[in-house]
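Please examine the sequence and the model shown below. The report that follows treats its metal site, charged pairs, strands and backbone in turn.

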Amino acid sequence: MRVPVTLMRLGRQSVRAPKLPFPGAVKLRAAQIAPISSFDRVTAFPPEQWHDLQAFRPQVLVGLQADLLHLAAAVKLGGVDTSSVDHAVFVLTECGDQALLDVSRVVLWQTFGVPVYELLVGKQGDLLASECQAHQGWHIEANAEFFIRNGELRARACGGHIETTGLAGYIETATCACGRAGARVMLEPAPLDSETWNELAATA
Ligand SMILES: [Zn+2]
């Protein structure tokens with residue numbers, strides 16, 4: 001099981017859980033679809049507690065791609081009411097996991113009706129980079145650094161160990177269109193698999 005950031009220790013210094021990278025996030029009710037919350041002021045809702053989501057009335061949802069898709073399926077079946085969600089959905093992608101698929105993004109957008117942003121987190125729960133609100137790459141968090149080795153993006157948080165992301169891309173240092181300063185990670189689109197190529201060829 002993933003170690004929650006609130007319980008993590010680096011040396012003797014305890015590490016605070018990161019805040020969600022969203023303006024005014026501390027004033028919003030946010031639910032993480034997981035057994036344990038890994039963000040400050042975010043309440044965890046494992047599947048057995050999803051029936052409590054309606055009373056909690058979350059405005060923001062956080063979770064791994066698979067867990068959010070699981071919730072979306074429950075919402076579609078009418079088992080869970082998430083109509084209170086009115087700000088954003090944050091998809092957590094752990095280093096080494098597959099990045100959010102376009103088809104999953106569409107499902108989440110159609111189900112929850114709010115913008116979907118991806119957050120890259122380390123295996124210890126550190127927030128490493130967050131998708132730009134103008135969708136112009138991923139802004140690198142202040143406590144993280146990225147570099148490229150053997151064509152792959154690698155990351156390190158708080159001077160900790162290096163994490164392989166499994167992602168291809170480059171580092172962009174030009175000012176972002178959204179106005180946020182600092183470097184960004186720009187992902188290269190995943191190569192299309194043969195099945196998708198065949199579908200495209202059939203519709204050409
Ligand atoms: Zn930006």
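## Zinc site

At 0% relative accessibility, Cys132 counts as buried (buried means under 20% relative accessible area, exposed over 50%, and partly exposed in between, with a 1.4 Å probe and protein chains only). The model is predicted, so local features need pLDDT of at least 70 and side-chain atom pairs count only at pLDDT 80 or more, while totals for chains, interfaces and linings use all residues. Residues are numbered from 1 along each chain as its sequence is written, and side-chain values use heavy atoms, with hydrogens and water left out.

Cys132 is one of the protein donors of the zinc ion, which are Cys132 (SG), His139 (NE2), Cys176 (SG) and Cys178 (SG), at 2.1 to 2.3 Å from the metal. Donors are N, O and S atoms within 2.8 Å of the metal (3.2 Å for Na, K and Ca); water is not among the atoms, so sites may look incomplete. The 4 donor atoms subtend angles of 104 to 114 degrees around the zinc ion, and the arrangement is therefore tetrahedral. For four donors, that term requires all angles to lie between 85 and 135 degrees. Along the sequence, the donor residues follow the spacing C-x6-H-x36-C-x1-C. Cys176 counts as buried because its relative accessibility is 5%, whereas Cys178, at 34%, counts as partly exposed. The count of disulfides comes to 0, a disulfide being a pair of cysteine sulfur atoms within 2.5 Å.

## Salt bridges

Side chains of opposite charge can pair when their charged atoms come close. A search of the whole structure finds 7 salt bridges, each defined as a side-chain nitrogen of Lys or Arg within 4 Å of a carboxyl oxygen of Asp or Glu. Glu118 forms one with Arg105, the closest N and O atoms being 4.0 Å apart. This pair links distant parts of the chain, 13 residues apart: Glu118 belongs to strand β7 (residues 116-121) and Arg105 to helix α3 (residues 102-112). Helices (H or I, at least four residues) and strands (E, at least two) are DSSP runs, numbered from the N terminus.

Arg105 also meets Glu131 in a salt bridge, at 3.1 Å from N to O. Because Glu131 lies in strand β8 (residues 127-131) and Arg105 in helix α3, the pair ties together parts that are 26 residues apart in sequence. Arg105 is partly exposed, with a relative accessible area of 21%. Elsewhere, Arg154 and Glu152 form a salt bridge with closest N and O atoms 3.0 Å apart. Both residues count as buried, Arg154 at 18% and Glu152 at 17%. A network of salt bridges links Lys19, Asp40 and Arg41.

## Strand pairing

Strands of a sheet pair through backbone hydrogen bonds, either parallel or antiparallel. Here, 3 strands form an open sheet in the order β10-β11-β12, with antiparallel pairing; two strands pair if DSSP finds at least two bridges between them. The edge strands, β10 (144-149) and β12 (162-164), each pair on one side only. β10 and strand β11 (residues 152-157) are joined in the antiparallel sense over 6 bridges, and Glu145 stands opposite Arg156 in β11.

Strand β14 (residues 184-187) pairs with strand β9 (residues 138-140) in the antiparallel sense over 2 bridges. In this pairing the zinc donor His139 stands opposite Arg184 in β14. β14 also runs antiparallel to strand β13 (residues 169-172), with 4 bridges between them. Tyr170 has Met186 in β14 as its bridge partner.

## Positive phi values

Most residues other than glycine have a negative phi, and most peptide bonds are trans. Which value does phi of Arg57 lie near? Phi of Arg57 is near 55 degrees, a positive value in a residue other than glycine. Arg57 is found in the loop between α1 (53-56) and β5 (60-64), and is partly exposed, with a relative accessible area of 45%.

Asn150 likewise has a positive phi, near 55 degrees. This residue lies in the loop between β10 and β11. With a relative accessible area of 74%, Asn150 is exposed.

Definitions and conventions
Tetrahedral: all angles 85-135°; square planar, octahedral: opposite > 155°, others 65-115°.
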